[in-house]
Amino acid sequence: MTTSAFADLNALRDAATRELDAAVDAAALEAWRVAYLGRSGKITGVLRGIAAVPADQRRVFGAAANEIKVALEQRFEARQADLERGALSALASDAIDITLPGRPVDMGRLHPTTIVIREICGIFQSMGFQVVEGPEVEWDKYNFEALNIPKDHPARDKWDTIWVDANKDVEGRFTTLLRTHNSPMQARVMETNQPPIRVVVPGKCFRYEATDATHESQFFQVEGLVVDEGVSFANLKHTLYEFARRLFGGDRKVRFRCDFFPFVEPGVDMSIDCFKCGGRDPACRICRGSGWIEIMGAGMVHPNVLRNVGYDPARVSGFAFGMGPERIAMLKYGIDDIRLFYANDIRFLRQF
Amino acid sequence: MKVPLSWLADYVPLKLPPVELAHRLTMAGIETTFVPGKDAEWGPVYVGEVVRLEKHPNADRLRLATVSIGGETLRVVCGAPNIAQGQRIAFAKTGARLTDSHTGTPMTLGAAKIRGVESQGMVCSERELGLGNDHDGILVLPPNAPIGTPLADYLSDAHLDIEVTTNRGDCLSVLGVAREVGAITGVPVPEPSLDYPEGTEPVSSAVRVQIDAPDLCSRYLAAVIKGVKVGPSPEWLQQRLKQAGLRPINNVVDATNYVMLEYGQPLHAFDLRQVRRDTIVVRQARPGERFTTLDGVEHTLQPPMLLIADPERAIALAGVMGGANSEMTEATTDVLLESATFNGINIRRTAQQLKLRTEASTRFEKGLQSELAGRAVRRAARLILRTAGGAAMRGIADAFPAAGPANRLRLSRSGMTRLIGTAALFDGIPGRAPGAGEVLRALGFAVQQAGHDALTVTPPYWRSDIAIEEDVIEEVARIVGYDNVPAEPLAGRMPATLTQPLRELRERVKDLLVDAGMQETISYSLIGHRTLEQALAVGPGKPEPLRAANPLSREQEYLRTSLRGNLLRTLAAALRVPPGGARIFEAGRVYIPRAEDLPDEREIVAGALAGTRGDSLWEKGADPFDFHDAKGVVESVLARLGLDAAFERAEDDLLHPGRTARITVDGEAVGVLGELHPLVTRTFDLTVAKVAFFEIDLNTLQPRVPWLTTAFKPFSRLPSADRDVALLVDESVPAGRVQRFLEDHPLVRRVALFDRFVGKGLPAGKLSLAYRLEFQSGAGTLSAEQVNEAMSSLLQRLQAETGATLRA
């Protein structure tokens, strides 16, 4: 009995070894594990049947059976590792064509004007400016008169106006218009707030103007206004210089030349040095060889504008500026025709 | 304005190269472009005279011309038929750079022997000089062209092209530009001479001036010159006018135009004999008064348009154009020369209303100083005497009802520092820039020291744009240059926060739509009525759009009351671009009229989806976008805003009657979504069967958007149990109702519709909806019994509520 029990044990070990070596895949291996080492497997059965072994031999038998079990477990793990290695090495032949196009994830895009307006406003926000918007249909009062441009002032020629066929004054002249610039918000912001004021105003404007590659009847502007005690042209210069460097690169140079806008005095416009050719290419498409690109008008707020909103020009001063995001987008992206912006050709829009 | 360099040089030495000069003027506020003369490259080409003409010994059609160019006489062979002895011509010596008349290419003239005779140069045609295409004969110059002068100097039209800002009317004149040049280069510009011989008879004996509208005419001067001979102007005068872009007319009119270009003061010459009763009356037009200007056009006038009249009739439209009844003719012998100061605003209104803008009106409307009129009249009288002869009467008739006080201004060091941020511009910068006083003197200001740190300044008579201290400060800054101003960071208090929740919401929605795969578009706010009609945005019950009073075109005539038309037009265009298909939106304003107020500008966002879901071509099975794609976009965006949207069946003209939903939030309608009505699809020529559309009114939505769009909810870590259930429901029962009912059970964490089936094997009028329900409790792990119990009670109540039964 004991001899035969030992013999059975050995036979079991031999059979288990043989079958284990014959297992060629993960399923066969698992079947083997269940058959021999599982909860009701044969080896487990032998160990469970130890009660039938005479008491004096149980220790020896148990030790032998356990030894076999451990050996088989080790052999099982080794075999399992072998098979995994084999399976992994077969992955190389399970290849796909990685040059097929990826499954498209259709991402939307913002309009380039939105992108540039956000970039501009973002820079000013980081300098403590607030972003506000105003009405696109305005009163003559805000668009012109509050800005030191009375009726029949020749400076109005600069802003060819689309009038709205609605409200009229006593003389029968239209009083409502499509704002020709974002400057009316200067007056609106100052009317309802007290200094210190630091705002940028993005938004749509309109001009009665025939369109061509550089002129549109509808366009956007970003207007800016700073009013406080002791604000000077030197502050204007630093603020706009800082802005230009952040938008067009840290090594930009800026230049201010005298210009005239009735709501500022002195008035200037700001150019940056040409980031394309640096003034070295006489045929440069960006600066036309001048080396300089005009990007915005600016100036110190005219005392009449401050007075019109009830501020005391002896106490506070300020500066204002305005720029066209389309022009900046054209410079940045190399767009050569402003009419592309609002024609909404999908081939244009999906490039940004 | 064209300012010929040769003319400019009469007043100020041009020390800088023209390109540099143009740049400096531009930086100082006078936008200037240098336009080189066409002839600048000729080299040795001179004004010559044909002194002798002989036959060529060896050719019938050629002649030998002897040409004098001053100190030198040369002989050339010439084939031009129009050459004649005594002519002044353009003569090119060897080495001249010309244009080959046959090929049109540049060439350098070499010595040549033509049929055995040496030719020492060439008599040039227009084409050879690059001045035009005429090659039928040589260019014949006026008989007074100075022999020996380089042709480049004689003919030069090299000029500065000046664009002035509206405050600088003084630079619409050669003298004005010369003064700027003088200030920039530090050279004083002397006043031109105003002297001329006057007769003994006083002007008052010939004309009397009466100003009836002193608010519209602050000064009126008249000189009288008798015995002029009207005829063509001398060549030099014609030349200058042409170079400046004006057409010569006759010696009197040309003289007035010359002085207008020189000083910027428009003048007018009347035939004195046409001024009846020796009286000039400056008065407003009567209502409906008719007047014919010298261009032959009859105008109907209204007050306060200003007329120059005699006691019987009007003779000129003041400051705009003279009258046909009193203009200079060949027969004129006595001239009344007018120089006046008119109200710029009134001139501007008149010119605009009559659509008659002239050289004169564009100068007057910028506002001219009355002292200028007094100088210009003398300058013009002097010139008429020189060009048209005659004798001037003694003195000038001068009606000057209200000479204003001198315009004295104070410029303080502290004011300058406060505005500019540095005292350096007041004090001067050693080695780089003079002080404010010196700069202002160079600009023609009278400057007096006023105490230690201030100046009292009076602007020169030609400047009408200097009214306040800030203007004076700018004068200094623009000449010294803004490069000399330091840059100083803003300091001081930070501003109060200004929030605009609507703008912020719009920008957030734009981002969310982009996240959802949509492309932003921006279209015109002004649109055609037809587009509004096509989008069914006008008609009964809909706002009547505001109209532009002066639209640019029929396509940009009305302020949009809806984004729909433009959006669908954009979509139609996008669909025609391969591979077709588009998901687009616009977030922008519509303008709803309000009586006697600005329109209500509402922020609307509208989107459209057309084409197939997924543009992948190498995998099949993409379906066209439909109602539920638009709904998915709307649901996602609103969910991300922290809003719980509900959808109700609704109607909208634009949309398919069975596939339209109203979007509501907290019971308030905030928008609409659906598939386009097939008729609309056809109207807009949309080349797809289905277009999914949505529109949300952000003004209505904004107050409902929670300040915190995300509120954290504790989640249960206890295990949950899934149950799948297939329900048989009436086709008339909306799935949303079933789903809401299932979701309402306290133990149901999530409900997902995973199958919807209509058709074979189902009873008529029924459909199958299969849901996966996830049960979970916050209190403890649910047992299978608890879940089953919840499920069966739920189904029982569902059946009672909706008639849904378990599908067998």
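B:Glu520 sits opposite B:Phe585, a residue of S33(B). That pairing belongs to a predicted model, where local features need pLDDT of at least 70, side-chain atom pairs count only at pLDDT 80 or more, and totals for chains, interfaces and linings use all residues. As for bookkeeping, residues are numbered from 1 along each chain as its sequence is written, chains are lettered from A and ligands numbered from 1 in the order in which they are written, and side-chain values use heavy atoms, with hydrogens and water left out.

Strand S30 (residues 519-520) of chain B runs parallel to S33(B), with 2 bridges between them. Two strands count as paired if DSSP finds at least two bridges between them; strands (E, at least two residues) and helices (H or I, at least four) are DSSP runs, numbered from the N terminus.

Why is S33(B) largely enclosed by the rest of the structure? Because 10 of the 11 residues in this strand (residues 582-592) are buried. Buried means under 20% relative accessible area, exposed means over 50%, and partly exposed is in between (1.4 Å probe, protein chains only).

## Where chains A and B meet

Chain A puts 99 residues into the contact and chain B puts in 85, contact meaning heavy atoms within 4.5 Å. Together the two chains bury about 8000 Å², 55% of it on carbon and sulfur atoms. That buried area is the accessible area (1.4 Å probe) that two parts lose on being put together, summed over both.

There are 12 salt bridges between chain A and chain B, each a side-chain nitrogen of Lys or Arg within 4 Å of a carboxyl oxygen of Asp or Glu. A:Asp157 makes a salt bridge with B:Arg357, with 2.9 Å between the closest N and O atoms. On the chain A side, helix H8 (residues 233-248) supplies the largest share of the residues touching chain B, namely 6. By type, that side of chain A splits into 46 nonpolar, 22 polar and 31 charged residues. Here Ala, Val, Leu, Ile, Met, Phe, Trp, Tyr, Cys and Pro count as nonpolar, Asp, Glu, Lys and Arg as charged, and the others, Gly among them, as polar.

## A buried glutamate

Is B:Glu262 buried or exposed? B:Glu262 counts as buried because its relative accessibility is 0%. This glutamate lies in helix H6 (residues 251-263) of chain B. Leaving out residues up to four places away in sequence, B:Glu262 touches several residues, including B:Trp7, B:Tyr11, B:Pro192 and B:Arg379.

Two cis peptide bonds are worth a look. One runs from A:Glu265 to A:Pro266, with omega near -5 degrees, and A:Pro266 is in strand S7 (residues 264-273) of chain A. Another links B:Pro303 to B:Pro304, with omega near 5 degrees; B:Pro304 is in the loop between strands S20 (298-300) and S21 (306-309) of chain B.

A:Asp152 has phi near 65 degrees and counts as buried, at 9% relative accessibility. B:Asp666 has phi of about 50 degrees, in the loop between strands S36 (655-665) and S37 (668-676) of chain B, and counts as exposed at 63%.
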